[in-house]
Amino acid sequence: MATSSPFRTKTVEQSIRDTEDPEHGLKRALSALDLTVFGVGVIIGTGIFVLTGTVARDTAGPAVAISFVVSGFVCALAALCYAEFSSTVPVAGSAYTFAYTSIGELPAWIIGWDLILELALGAAVVAVGWSGYVQSMLDSADVTLPNAINGGTDDDWGFNLPASLLVLLLTVILVFGVKLSSRFTAMIVAVKVTVVLVVIFAGLFFVKADNYSPFIPEKQPQTGPDDGLKQPLIEWMSGFEPTTFGVMGIFFGAATVFFAYIGFDIVASAAEETKRPQRDLPIGILGSLGICTVLYVAVSIVVTGMQNYTELSIDAPLSDAFKAVGHGGWAWVINVGAVAGLMSVTMIMLLGQSRVFFAMSRDGLIPKFFSETHPVYRTPYRSTIALGVVVAVVAGVIPLKELAELVNIGTLFAFVVVSIGVIVLRRTRPDLPRAFRTPWVPVLPIVSVLACLWLMINLPVETWWRFLVWMAAGFVIYFLYSRRNSRLGKAASAAGSGVPGPPRTGADGR
């Protein structure tokens, strides 16, 4: 029987039946290979082309390779939980849908609200990064865009037209169909993986052992007026002085390079468009994560061996490392890979965001208008276009500062909820067929929760403040609109008044 509790759950069976509605269902067109390509396409991007230099120079030194391993381990724990959920509940929405079927409506709404922030902001930030690489290549050809359309400078504001146009172009591609999107992504992924392999194998010839000493630099205090807000939460709470390097620098670095792994969870958002989700989703999620972890560690080892960590570039560490050893010819090739990589990251973040928005709309938590699918292409075109326009505007005006941490904390929070959800659904619905089972439940999900929380408290204090403000706004919207307009909410109201309401979806998960 439906209930008015904000922790009412939607049955797995109803979630799956919703995908069969011709007006609100998506076309199944993706294979395990497509999903793996999607995963690699969105993971390899900003992290490997930018964050390697930032974290090595300012936080972890050559031990940035260990930071990547730590982040990869945390992601692997969460990936095992995602694999079970996505193969058991092959429905659009990713962590939002998983929370709705296990923990309840309010946690699901909060996760959906969190994912909108993560993916929209992430797509905009990456689009701006793509614009920067494109303008760098144009500058090499003596072509300079005027400040009015290149994003401007700190003193002279301008609209970032290249970033905005990229988002609009990718939005059109997504509307025309997910299979076309996957083919487009496959071509881009082939280019950037080739470039990454070039960095690894060509760079090996220029590695100097002296650059690895010290591998873990000694702890050094930071100075500056903003240390109180910019230091990791764990240090702020404990009263320690803000520091970099040392063993703790590895964990601070891991919390930052975590941004480099964001993407494998987006594979789960395409569950409803997968031909054989029970088999293909675990392959796509775990396969893309494994491939990217190996590439990340290899690149970080090679780059810090080519150039001393204190001299690494912040904006373009890979290409500048080759310039430092007298092989600047490779820089242009690497920049091409960076442009391709950031383009695919932007597109798949847009895809994941539109699917979460679509799923929330189908459940009535946001206006139902956005859950209509295109009559020909069977894509959620309304949510895709609406969000694409918003992100295009944001990408045109947003400043590239310290937004990666905000995306990180949102993603880690989603991982926590999914890990808890696996334990809950195992207890409430042991009868469900599970094509993939997370091993060692509940131990592994609990370890996943603790590992995610550990990285979260290694993020800056100011990031926590921004995240809490966004979450508070989400609570207000839920209790003012979503709770009363959800399908389960209307069913509860109808049951209480004796008036027939929408089809009941269940409240106890059975």
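Which residues in H13 meet which residues in H14? Start there, but first some ground rules. This is a predicted model: local features need pLDDT of at least 70, side-chain atom pairs count only at pLDDT 80 or more, and totals for chains, interfaces and linings use all residues. Numbering runs from 1 along each chain as its sequence is written, and side-chain values use heavy atoms, without hydrogens and water.

**Stop 1: H13 and H14.** Select residues 277-306 (H13) and 317-324 (H14). Helices here are DSSP runs (H or I, at least four residues), numbered from the N terminus. Val 299, Val 303 and Met 306 in H13 meet Pro 317, Leu 318, Ala 321 and Phe 322 in H14. Contact means heavy atoms within 4.5 Å. The residues of this contact divide into seven nonpolar, no polar and no charged; Ala, Val, Leu, Met, Phe and Pro are among those counted as nonpolar.

**Stop 2: Asp 280.** Stay in helix H13 and pick Asp 280. It counts as buried because its relative accessibility is 2%, and buried means under 20% relative accessible area (1.4 Å probe, protein chains only). Asp 280 touches Leu 30, Ser 31, Ala 32, Leu 35 and Thr 274, leaving out residues up to four places away in sequence.

**Stop 3: the largest nonpolar core.** A nonpolar core is a set of buried Ala, Val, Leu, Ile, Met, Phe, Trp, Tyr and Cys residues joined through side-chain atoms within 4.5 Å. The largest one has 154 residues; Ile 44, Phe 49, Tyr 82, Tyr 96, Phe 264 and Met 349 touch the most other members. Helix H6 (residues 105-140) gives the most to this core, with 21 residues.

**Stop 4: Tyr 96.** Center on Tyr 96. Its contacts include Trp 109, Leu 115, Val 356 and Met 360, not counting residues up to four places away in sequence.

Terms used: Buried < 20%, exposed > 50% of the residue type's maximum accessible area, 1.4 Å probe, protein only. Helix = DSSP H or I, 4+ residues; strand = E, 2+ residues; numbered from the N terminus. Axes fitted to C-alpha atoms, helices over the stretch in contact; angles between N-to-C directions.
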